[in-house]
Amino acid sequence: MNVVKSPLPDTDLRIVAEALQGALVDLVDLSLVAKQVHWNVVGPRFRSVHLQLDEVVDVARTHSDTVAERASALGVSPDGRASTVAAGSGISAVAAGWVKDSDAVGTLVAALGAVITRMRERVAATGDADPVSQDIFIGITADLEKHHWMFQAENA
Ligand SMILES: [Fe+2]
């Protein structure tokens, strides 16, 4: 079903659609991982890490909505189903159970790093095909890199 007409030619649209869908999956998983750790963190730094993790949840949820709606605006149906997220996320699975605060910070350093690497690839891939979507990826990358810095600083 082709409901929304895309402003992009097919070759460009394919590149951008893959980038937006990949970003959606990564960001939904980032929001889930951050919540999982938010609930399970323990240790002397509980309070600050617990609160900081919800900031990541907010950023990931906001940006997942932005990329999904950008896909829709281009005529591409976004897929945020749990099975799709589980199959396509670039973030390593998080173990069940309580997480020591320093391990929680390390988990976020790794998760953010993985998503940032893939987001920068999307920035590079979409510049010619659709600078509007590229601009979205650039903004997301800046936000994620800010949080990546802060988590790295906490475990230094
Ligand atoms: Fe909470």
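1. D26 is buried, at a relative accessible area of 0% (buried is under 20%, exposed over 50%, partly exposed in between, with a 1.4 Å probe and protein chains only). Bear in mind that this is a predicted model, where local features need pLDDT of at least 70, side-chain atom pairs count only at pLDDT 80 or more, and totals for chains, interfaces and linings use all residues. Residues are numbered from 1 along each chain as its sequence is written, and side-chain values use heavy atoms, with hydrogens and water left out.

2. D26 and R122 meet in a salt bridge, 3.0 Å from N to O (a side-chain nitrogen of Lys or Arg within 4 Å of a carboxyl oxygen of Asp or Glu). R122 sits in helix α4 and D26 in helix α1 (residues 10–40), so the pair ties together parts 96 residues apart in sequence; helices here are DSSP runs of H or I, at least four residues, numbered from the N terminus. R122 counts as buried too, at 8% relative accessibility. There's also a network of salt bridges linking D26, R118 and R122.

3. Next, K35 and D54: another salt bridge, with the closest N and O atoms 2.8 Å apart. K35 is in helix α1 and D54 in helix α2 (residues 46–73), 19 residues apart. K35 counts as buried at 16% relative accessibility, while D54 is partly exposed at 24%.

4. D130 pairs with R70 at 2.9 Å, N to O, again as a salt bridge. D130 lies in the loop between α4 and α5 and R70 in helix α2, so parts 60 residues apart in sequence are tied together. Both ends are buried: D130 at 3%, R70 at 17%.

Conventions. Helix = DSSP H or I, 4+ residues; strand = E, 2+ residues; numbered from the N terminus.
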